[in-house]
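Start with the sequence and the model, side by side.

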Amino acid sequence: MHEVDLENKIGTVDQLSHNIWPPSSVNYKYWPKNPLDYREVNEEYTRQIKMLSEKIMEWLSKGLGLQGEAVKEVMSEYMMLVNYYPPCPHPDLIQGLDPHTDVNGFTLVLPNEVPGLQVFKDDHWIDLKHIPSAIIVIIGDQILRLSNGRYKNVLHKTTVDKERTRMSWPVLVRPTYDTVVGPFPELTSQDDPPKFKPIAYKDYIYHKFSKLPIVHLDS
Ligand code: OGA
Ligand code: NI
């Protein structure tokens, strides 16, 4: 499945992706050769983003009343995405990314100064303001499932700009493909039954992207 780690063209976005952690999952063949310091800068960013994300996972775990390591034990891989949205003369007709929830655990998005990310809340699409050097945290499907629905995955999409190029550098924190993800047993009881069926992460991805009814898995 690492073969997705190549260049894909999806609608009006060019995407490049490759793993950044753990080292055993990293294949430099998928990393750009230019600019020359790409690898060095990326490795430093990986160190920083890992620290931040481990903090967030500790808070997410404690927020569920679990020990601080609980979420981290499930989410052990990190993938770098580079999204490139060229300017588009018809931003009203063209989307960047279609509405989706992230299939992974959670995502840390670093965007450039061109706004374009929208999240769905209270039946409305809300534009996210650009806050310099802020990182956007998006809860994805696997945190929803682990938490038995207490942490909500967020529907989001992107728009393109008329004149300016939008770029974003999301890091996807996720389980390994073979990790079976279901609600933490500590969170379920007879009064609070599991809302999701445990399933290997790779099988979840397969069902989601082949549009097989996930309803069957999740009820
Ligand atoms: C994604 C995504 C947001 C952005 O890559 O899944 O939602 O701002 N990206 O590009
Ligand atoms: Ni997304």
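Contact means heavy atoms within 4.5 Å. This is a predicted model, in which local features need pLDDT of at least 70 and side-chain atom pairs pLDDT 80 or more, while totals for chains, interfaces and linings use all residues. Residues are numbered from 1 along each chain as its sequence is written, chains are lettered from A and ligands numbered from 1 in the order written, and side-chain values use heavy atoms, without hydrogens or water.

Q: Which residues does I143 touch, not counting residues up to four places away in sequence?
A: Helix 3 spans 141–146, and I143 falls within that range. Beyond its neighbours up to four places away in sequence, I143 touches L60, V71, M75, G105, F106 and Y151.

Q: Which residues have the most contacts inside the largest nonpolar core?
A: A nonpolar core is a set of buried Ala, Val, Leu, Ile, Met, Phe, Trp, Tyr and Cys residues joined through side-chain atoms within 4.5 Å. The largest one here has 30 residues. Those with the most contacts inside this core are M75, I143 and F184.

Q: Which element gives the most to this core?
A: Helices (DSSP H or I, at least four residues) and strands (E, at least two) are numbered from the N terminus. The largest core has 30 residues, and those supplying at least two each are strand 2 (13–21), helix 1, helix 2 (70–74), strand 3 (77–85), strand 4 (106–111), helix 3 and strand 9 (166–174). With six residues, the one that gives the most is helix 1.

Q: Is T46 buried or exposed?
A: T46 is found in helix 1, which runs over residues 38–63. Leaving aside neighbours within four places in sequence, T46 is in contact with I20 and W21. Buried means under 20% relative accessible area, exposed over 50%, and partly exposed in between (1.4 Å probe, protein chains only). T46 has a relative accessible area of 5%, so the residue is buried.

Q: How far apart are the C-alpha atoms of T46 and Y85?
A: Along the chain, T46 and Y85 are 39 residues apart. Their C-alpha atoms are separated by 23 Å.

Q: What is the C-alpha to C-alpha distance between P111 and M167?
A: P111 is found in strand 4 and counts as buried because its relative accessibility is 15%. Not counting residues up to four places away in sequence, P111 touches H130, A134, I136, R166, M167, S168 and W169. P111 and M167 are 56 residues apart in sequence, yet in space, C-alpha to C-alpha, the distance is 6.0 Å.

Q: Which elements give two or more residues to the shell around ligand 1?
A: Of the 13 residues around ligand 1 (those with a heavy atom within 4 Å), Y85, H100, H156, R166 and S168 come nearest. A side-chain N or O atom of Y85 is 2.7 Å from a ligand oxygen atom, while a polar side-chain atom of H100 lies 3.1 Å from one. For a side-chain N or O atom of H156 and a ligand oxygen atom, the distance is 2.9 Å. The elements that give two or more residues to the shell are strand 3, strand 8 (156–158) and strand 9.

Technical notes. A polar contact is a pair of N or O atoms within 3.5 Å; within protein, one must be able to donate a hydrogen and the other to accept it, and residues adjacent in sequence count only if both atoms are side-chain atoms.
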